[in-house]
Amino acid sequence: MTTPWIAGATGLVGRALWAQLPDAVALVRRPQAGAVVVDYGRPDSFAALPAPSHLFIALGTTMAQAGSQAAFQAVDFDAVLTVARAARDRGATHCGMVSALGADARSEVFYTRVKGQAEAAVIALGFERLVIARPSLLDGQRKQLGQPHRWGEALALRLTRPLAPLIPARWRPIAADRVARALRLALDQPGPAVRVLESAALRTLGAP
């Protein structure tokens with residue numbers, strides 16, 4: 001693998017990917033030591049970057065943080081498609097994408113519908129190898145990464161962590177570094193052009 005891009009390198013999974021791939025080009029929206037600032041609203045923002053072989057997309061926000069459906073879609077669909085298209089145009093053949101549990105382009109729920117639409121849009125770009133990760137609730141320390149506190153996520157983790165062994169693997173909270181490891185390993189394994197990894201599979205493949 002040469003010069004992979006990591007889009008969303010300051011998030012839980014993006015940061016874990018960056019730790020596992022220290023030579024990657026880490027793409028961020030705000031200045032960060034060692035990272036490259038890009039504007040996901042401008043495709044030409046990626047023109048000066050080294051051509052990637054692999055792309056990892058770990059972009060995402062919440063409705064509460066975004067403040068509106070339009071702002072949410074700008075991150076979870078528009079930015080995702082912009083960086084995927086830019087990487088593909090620059091020669092990337094492999095893409096690992098973090099989506100969400102229940103993603104479905106036909107869903108009546110806005111969040112899961114946008115996630116599903118983003119998956120479909122990236123699939124349509126025709127990467128030789130695309131791995132889509134659909135993790136359940138991510139477990140990690142957002143405060144240490146300087147990220148806004150997610151009250152709903154924090155409450156859900158507080159309630160589910162003690163019960164984790166009793167929760168089916170599909171729904172059980174999963175560590176961000178495990179998702180990153182599974183995505184990275186799966187992308188270099190032989191298989192179909194498009195592979196979707198649900199949370200239970202991520203937990204198995206990404207085990208330390």
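**Charged pairs and what surrounds them**

Modeller: Let's begin with K115 and D76, both of which are buried. Bear in mind throughout that this is a predicted model. The side chains of K115 and D76 form a salt bridge, at 2.6 Å from N to O. That pair ties together distant parts of the chain, with K115 sitting in helix α4 and D76 in helix α3, 39 residues apart.

R134 has another partner. A salt bridge of 3.0 Å, N to O, joins the side chains of E198 and R134. Through shared partners, the salt bridges join E119, R134 and E198 into one network. With a cut-off of 4 Å from a Lys or Arg side-chain nitrogen to an Asp or Glu carboxyl oxygen, the count comes to 5 salt bridges.

V196 counts as partly exposed because its relative accessibility is 37%. Together with I123 and V194, V196 makes a nonpolar surface patch of about 200 Å².

The largest nonpolar core has 31 residues, and W5, L27, Y40, F46, L55 and V83 have the most contacts inside it. The elements that give two or more residues to this core are β1, β2, β4, α3, β5, α4 and β6. The top contributor is α3, with 9 residues. So what does V83 touch once its neighbours within four places in sequence are left aside? The list is W5, A7, L27, Y40, F46, L55, I57 and L59. A separate core of 29 residues lies apart from that one, and A26, A35, V179 and L202 are among its members.

V179 also shows up among the buried residues of α6, along with A176, A180, R181, A182, L183, A186 and L187. Helix α6 covers residues 176–187 and spans 17 Å from its first C-alpha to its last, close to the 16 Å expected at 1.5 Å a residue. Helix α1 has its own buried set: L12, V13, G14, A16, L17 and W18. Those buried residues pack against α6, and also against β1, β2, β4, β5 and β7.

One loop is worth a stop on the way. P50 lies in the loop between β3 and β4. With a relative accessible area of 39%, P50 is partly exposed. Beyond the residues up to four places away in sequence, P50 touches T3, W5, V25 and R90; W5, recall, is one of the residues with the most contacts in the largest core. P50 and P4 are 46 residues apart in sequence, yet their C-alpha atoms are 9.0 Å apart in space.

Finally, the whole chain. There are 7 helices and 9 strands, and 48% of the 208 residues count as buried. Take the contacts between residues at least 6 apart in sequence: 67% of them join residues at least 24 apart. The accessible surface comes to about 10,000 Å², with 56% of it belonging to carbon and sulfur atoms.

Key:
Residues are numbered from 1 along each chain as its sequence is written. This is a predicted model: local features need pLDDT of at least 70, side-chain atom pairs count only at pLDDT 80 or more; totals for chains, interfaces and linings use all residues. Side-chain values use heavy atoms; hydrogens and water are left out. Patches are made of residues with over 30% relative accessible area and no salt bridge: like charges are joined within 9 Å, nonpolar side chains (Val, Leu, Ile, Met, Phe, Trp, Tyr) within 5 Å. Accessible areas come from the Shrake-Rupley method with a 1.4 Å probe; for residues, only the protein chains shown count as cover. Buried means under 20% relative accessible area, exposed over 50%, partly exposed in between (1.4 Å probe, protein chains only). Helices (H or I, at least four residues) and strands (E, at least two) are DSSP runs, numbered from the N terminus. Contact means heavy atoms within 4.5 Å. The expected span of a helix is 1.5 Å times one less than its number of residues. A nonpolar core is a set of buried Ala, Val, Leu, Ile, Met, Phe, Trp, Tyr and Cys residues joined through side-chain atoms within 4.5 Å.
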